[in-house]
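Welcome! Take a moment to look over the sequence and the model, and then we will walk through some of the details together.

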Amino acid sequence: MSIEQSSAPGGVDGDAVGLLGRSADLEFFAGLRRRLTDGGAGTAVLLEGPAGVGKTALLEAAASGARASGFRVLRFAGVESEVTLAYSGLHQLLFGMRDGFDRLPPGQRAVLEGVLGSSVAQAPPDRFAASVAVLEVLRRTAEDGPVLVVIDDVQWLDRASGDVLEFVARRLSGLPVDLLVAARAGHAHALDRHGLLRRRVETLDERSAAALLRAAHPGLAAPACERLLQEAAGNPLALLELPALLTREQITGTAPLPLSLPVDDRLEALFAPRLRELPAVTLELLLVAALEGTGGLRTIWAAYPGGMEEADAALLAAEEAGLVRVDARAGRLVFRHPLVRSAVVRTCRPGQRRAAHRALAKALERDPERRIGHLIAASLGPEEQLAADLEQAGQAALRRGSAALATTALRRAAELSPESAERSRRLAHAAYAAAQSGALDVTAVLVDDGYGDRASPQDTARATLARVYALLETDGDATAAHRLLTGVIDGLLAAGTDSAETGGAGRQPSLAAVREVVGELQFLLTLVAFYAQRTDLWPEVLERCQDAPDQVRLYCLAFDAPQKRAPEVRQRIRRAFAALPPDAGPRPVTQLSMLSVYFDEASEYREHWMRVARRSREGGTFVQWSYGTILLGHEAFFAGRFTEAEALAREGLAMAEELGHRLAGFRLASQLALVAAVRGDAETVGTLTRTILAWSEPRRLGLLQVSARQARALLALGQRDYETAYRDCVLVSPPGTLPPLNPRAIWSVYDLVEAAVYTGRTAEARVHVAMARSACLGELSPRLALLTHAAAALAGPVETAEAGFRRALAVADVHAPFDRARVQLAFGRWLRAHGRDPEAAREHLTAALHTLEELGAAPWAAAAGTELAALAPPAEPEPLDTEGLLTPQELQIADLAATGLSNKEIGARLYISPRTVSTHLYNIFPKLGIRSRAALRDALGAQARAAHGDGHVEYVDGPVI
């Protein structure tokens with residue numbers, strides 16, 4: 001039925017009447033379809049409007065029009081109960097696209113299968129990988145015709161799915177894909193961050209509203225129509241639903257309509273009369289379901305006093321009233337509309353709501369994070385059992401990485417504690433959780449509140465942990481932090497088990513609980529020494545950590561003498577990771593990971609870090625998330641993924657600045673400086689390192705100073721300023737040493753040797769190589785094996801250098817393209833300088849140039865180019881009939897490559913991927929009888945001279961042939 005026909009009064013279906021007054025919206029959708037079918041770019045559109053305004057009906061109309069025009073339509077909706085489930089929204093989209101997975105590369109197919117749960121992957125896919133895979137499957141799907149993706153209730157979309165779709169929305173301009181989403185006005189959602197084309201769905205004008213009301217309810221008297229139009233204020237849902245609640249007298253105008261309410265309240269009140277007609281047992285069940293939030297039948301049945309059998313009977317009346325339905329496949333109870341849930345809660349008395357929350361808290365004993373909200377909602381005043389339950393749930397949430405939720409739970413537990421000793425203890429735990437969450441202002445308040453007359457040594461210890469985290473992050477005062485920690489550790493160790501306080505209930509904490517807090521203090525003490533890199537404080541740390549937990553003693557071993565114990569530390573890290581339980585929380589994983597990255601085990605445990613970072617971010621544990629972000633950034637940097645490393649650092653830095661975590665911010669800034677150094681961005685490196693050193697030097701924070709100097713040295717090496725590089729390198733580690741508390745110096749071994757050799761300090765270089773060999777650094781990882789062999793070759797005698805470089809480049813499984821390219825550059829330079837095998841020099845320099853250009857390491861690429869130019873030109877090849885040897889596309893790619901363009905630039909010009917360019921070049925080289933990219937110009941030039949007889953070929957933006 002057309003819109004014009006729908007406007008006639010008389011019984012019409014709800015879908016048709018819902019589109020009255022929407023001709024402008026329908027024309028807008030038609031214009032989007034025409035644009036796409038005419039070859040235009042895809043568009044992302046956001047429909048916004050209040051509840052009940054008709055967004056869903058418009059989406060259906062857009063979908064129907066697209067199908068009629070030959071589009072493939074993909075639809076799904078956000079579900080409020082699934083908003084905390086990662087990729088739940090994306091799961092709906094991908095489930096309908098499984099037929100396109102076979103078109104994808106295996107890696108991307110595995111990512112999407114992981115989202116669907118059909119993969120055996122241990123963790124949800126990385127969001128960037130999922131984003132790229134979704135974009136690719138949409139592109140492949142659109143090869144068969146235009147696609148429309150329709151998403152309703154985007155405000156209930158889970159964060160992971162929202163991030164993926166935001167990524168896709170920014171890249172629709174090159175695809176025949178439209179994205180149409182609808183969100184309730186006033187609700188934040190993931191896609192709100194992206195500049196989608198916004199279209200406001202307004203309430204109906206007076207004429208359209210009157211037509212809709214008469215069409216849906218033709219028996220209404222004029223006075224009733226007038227009053228309803230006034231009450232509904234143009235909201236289609238109200239116009240359709242309000243008349244169904246009227247009595248016969250109200251319909252005929254002989255009785256007044258309900259009192260006027262604000263729109264949102266009125267929409268909730270639409271369902272109140274139906275709720276009042278339900279049996280008490282049914283309303284009790286609906287209250288449990290409404291407060292449960294996810295619709296999970298198992299939890300609802302467990303919380304309902306009568307159990308599953310009685311609940312099933314009570315549910316029948318609500319189903320018959322059209323208020324709920326059961327989704328048997330998903331095992332969920334689904335409300336007809338979110339406003340029904342609100343109406344249920346409003347209808348019940350506060351005492352009923354508290355009872356339902358208590359029942360849900362009991363049913364969720366194995367889900368502490370969801371349990372916390374119900375425990376808090378069930379509380380009225382001081383009650384020890386409720387406080388104890390909240391404390392237990394809060395501690396479980398903290399162990400799982402949900403520090404923000406733990407802070408709320410523990411703070412409320414303290415408020416509900418009848419005894420002051422219990423209140424003080426719980427406030428100390430809350431302060432520690434707040435420090436972990438990054439809320440340093442809350443930490444300060446809770447620490448101050450926690451020191452009462454009955455504060456025990458253990459309370460003081462917990463509060464000290466929180467205070468030290470805040471002190472380090474805000475002021476960077478490692479000396480004061482060291483003093484606080486040693487004092488409280490000494491107090492607890494001296495008191496022994498007597499330090500366990502006696503609570504109001506007369507119970508004593510276990511010895512294990514006392515040891516747990518001492519272990520945390522000892523770990524933080526070693527971390528403070530690491531940040532400061534103060535060897536004068538180190539003996540005090542070792543003295544107080546003799547009986548520390550295994551991971552703390554592993555830190556002491558690693559920091560005490562990295563020059564002697566690097567391989568041993570690596571083996572113990574591996575054993576410790578293997579011993580972690582499957583459900584290990586973020587803290588032990590992060591502690592091990594922090595060590596592993598300094599001993600070049602970065603890639604081995606990347607999945608662990610990603611899981612920790614994801615869980616900590618979702619749970620609001622900023623401290624663990626920032627550590628994880630720093631570790632992932634280092635791993636990405638060593639693997640040559642500089643853009644990813646920069647993005648991680650910038651994201652973490654923005655969060656650190658927002659929360660006031662200056663120490664974490666400077667550590668992340670040092671990562672940005674490393675990336676800028678590789679790219680040759682001297683201005684950024686200078687600005688960042690000056691700022692870092694200005695803050696860290698007065699505070700004697702050696703770790704930050706080392707980080708800044710490593711970035712400055714790397715920049716100077718790229719600029720061939722070897723004297724400056726050497727001066728910074730020796731401040732990181734003097735020749736022949738790996739200083740205590742500074743395992744990061746392992747990263748600079750090759751840097752120091754290179755700077756020393758090129759400044760004539762061969763003796764210092766050889767001393768450092770000997771140290772690296774005696775420390776067995778080459779055994780730590782393939783990357784360090786590559787670099788230590790190369791350092792030995794560079795610093796060694798001429799007669800062994802060539803073999804040393806070849807040994808370095810023969811190391812297998814080196815996933816560090818930047819480091820490998822540096823060694824190739826050094827080898828090519830050495831071969832040229834010593835007049836050895838110019839073809840081999842050209843091969844290594846060309847390979848280095850290609851890699852460094854691809855990585856964006858501009859100064860290093862320029863150095864490789866300079867070395868190539870200094871080589872004697874190769875013998876002029878015989879003219880080749882390239883026209884017969886090469887396909888037209890191969891010839892075009894060869895021409896562009898001969899001008900010096902990178903694979904990425906060639907791909908951009910020819911609208912193909914860089915990988916496709918690389919494959920073509922791999923086939924082109926043997927056809928032309930050459931072995932390197934540098935020989936392309938001569939091979940193609942010889943053919944051109946033979947063809948034109950003028951002996952001259954000119955290259956500008958492309959070859960003139």
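Is glutamate 415 buried, partly exposed or exposed? Glutamate 415 has a relative accessible area of 47%. Buried means under 20% and exposed means over 50%, so glutamate 415 counts as partly exposed.

The side chain of glutamate 415 also has a partner: a salt bridge joins it to arginine 412, with 3.0 Å from N to O. Why are these two about one helical turn apart? Because they are 3 residues apart in helix α22, which covers residues 403-415.

## The whole protein

Keep in mind that this model is predicted. The protein has 961 residues, and 55% of them count as buried. Its secondary structure includes 50 helices and 9 strands.

Among contacts with a separation of 6 or more, 69% are between residues 24 or more positions apart.

## Salt bridges

In total, the structure holds 42 salt bridges. One of them pairs arginine 641 with glutamate 644, whose closest N and O atoms are 2.6 Å apart. Arginine 641 is partly exposed at 27% relative accessible area, and glutamate 644 is partly exposed at 28%.

Another salt bridge links arginine 832 and glutamate 867, with 2.6 Å between the closest N and O atoms. Arginine 832 belongs to helix α43 (residues 817-833) and glutamate 867 to helix α45 (residues 858-870), so this pair ties together parts that are 35 residues apart in sequence. Arginine 832 is partly exposed at 31%, whereas glutamate 867 is buried at 5%. Salt bridges can also form a network, as they do among Glu384, Glu391, Glu422, Arg425 and Arg426.

Find glutamate 520 in helix α27, residues 511-532. Its relative accessibility is 9%, so it counts as buried. Leaving aside neighbours within four places in sequence, glutamate 520 touches Tyr432, Arg462, Leu465 and Arg587. The C-alpha atom of glutamate 520 is 8.8 Å from that of valine 552, 32 residues away along the chain.

Now move to glutamine 671 in helix α35, residues 662-679. This residue counts as buried because its relative accessibility is 5%. Beyond its neighbours within four places in sequence, glutamine 671 is in contact with Thr629, Ile630, Gly633, His634 and Ala649.

## A charged patch

Glutamate 310 sits in helix α17, residues 307-320.

Terms used. Residues are numbered from 1 along each chain as its sequence is written. This is a predicted model: local features need pLDDT of at least 70, side-chain atom pairs count only at pLDDT 80 or more; totals for chains, interfaces and linings use all residues. Side-chain values use heavy atoms; hydrogens and water are left out. Helices (H or I, at least four residues) and strands (E, at least two) are DSSP runs, numbered from the N terminus. Buried means under 20% relative accessible area, exposed over 50%, partly exposed in between (1.4 Å probe, protein chains only). Contact means heavy atoms within 4.5 Å. A salt bridge is a side-chain nitrogen of Lys or Arg within 4 Å of a carboxyl oxygen of Asp or Glu.
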